[in-house]
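User: I have a structure open and want to talk it through. Can you help me read it?

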Amino acid sequence: YFIKGQTDETIIFNAHNCHAGQANDDISGVVVGIELMRMLSKTKNKYSYRLIVAPEHFGTVFYLSDLPKEVLKTFKCVFFLEMLGNNNRFALQETFSGQSELDVAAHYYLKGSNPDYFSDKFRKIVGNDETVWEAPGYEVPTVSLSRWPYEEYHSSLDDEKIIFEDRLEEGVKA
């Protein structure tokens, strides 16, 4: 899904669709991404926005492998969205450098809106597509926003009973 902005600089939202039978990991991230795009499509935007929903790692690898370099150069940053429907506090995983404009903005916003959030360095909370986006040759700053940990992770208990609409809405606002 792509929304053209006033500039070609593109902010990407990325979510998974590969965890069959898992409501929080990761359909919740897909739901948040779709709602973000729906809301952004109703406004005039400086930046362009793209939502990528694909299987973990492989989808992003294949997506990036066919992109012309001039398109890749327009990518400003990536928000990886997952596990956003449960009742836990936000977890912000920083970019590879931990010092990007995206890190600063994400911390600033979460400190004001969700002061109980926690954060950690790159690959210290969860490991997903940030390794692809931030890999040599791409180096697109990527943060991961989730509600981690949760006891139902990768079990049959990760179902609609642990998903809360207000938490999904909070994910859209974050």
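**Reading the model**

Analyst: Let's start with A23, which is buried, with a relative accessible area of 18%. Buried means under 20% relative accessible area, exposed means over 50%, and partly exposed is in between (1.4 Å probe, protein chains only). This is a predicted model, where local features need pLDDT of at least 70, side-chain atom pairs count only at pLDDT 80 or more, and totals for chains, interfaces and linings use all residues. Residues are numbered from 1 along each chain as its sequence is written, and side-chain values use heavy atoms, with hydrogens and water left out.

User: Where is the place of A23?

Analyst: A23 is in helix α1. Helices (H or I, at least four residues) and strands (E, at least two) are DSSP runs, numbered from the N terminus.

User: How far apart are A23 and A174?

Analyst: They are 20 Å apart in space, C-alpha to C-alpha, and 151 residues apart in sequence.

User: New topic. How many salt bridges does the structure hold?

Analyst: It holds nine. A salt bridge is a side-chain nitrogen of Lys or Arg within 4 Å of a carboxyl oxygen of Asp or Glu.

User: Why would such side chains pair?

Analyst: Side chains of opposite charge can pair when their charged atoms come close.

User: Which side chain does D8 meet in a salt bridge?

Analyst: D8 meets K4, at 2.3 Å from N to O. D8 is partly exposed at 48% relative accessible area. K4 is partly exposed too, at 48%.

User: And which residue does E9 pair with?

Analyst: E9 forms a salt bridge with K76, with the closest N and O atoms 3.9 Å apart. This pair links distant parts of the chain, 67 residues apart: E9 sits in the loop between β1 (2-3) and β2 (10-16), and K76 in strand β4 (residues 75-81). E9 is partly exposed at 33%. K76 is partly exposed at 25%.

User: Which residue does E170 bridge to?

Analyst: E170 pairs with R147, the closest N and O atoms being 2.6 Å apart. E170 is in helix α6 and R147 in the loop between β7 and α6, 23 residues apart. E170 is partly exposed at 23%.

User: Is R147 buried or exposed?

Analyst: R147 is buried, because its relative accessible area is 0%.

User: Which backbone oxygens lie by polar atoms of its side chain?

Analyst: For R147, the backbone oxygen of L84 lies 3.0 Å from a polar side-chain atom. The backbone oxygen of R167 lies 3.2 Å from one. A polar contact is a pair of N or O atoms within 3.5 Å; within protein, one must be able to donate a hydrogen and the other to accept it, and residues adjacent in sequence count only if both atoms are side-chain atoms.

User: Last topic, the largest pocket. How many residues line it?

Analyst: It is lined by 27 residues, and I11, F13, F79, L102 and A174 lie nearest its centre. On a 1 Å grid over the protein atoms alone, a pocket is an open set of points where a 1.4 Å probe fits, with protein on both sides within 12 Å along at least five of seven lines; lining residues have an atom within 4 Å of a point.

User: Which element gives the largest share of the lining?

Analyst: That is α4, with six residues.
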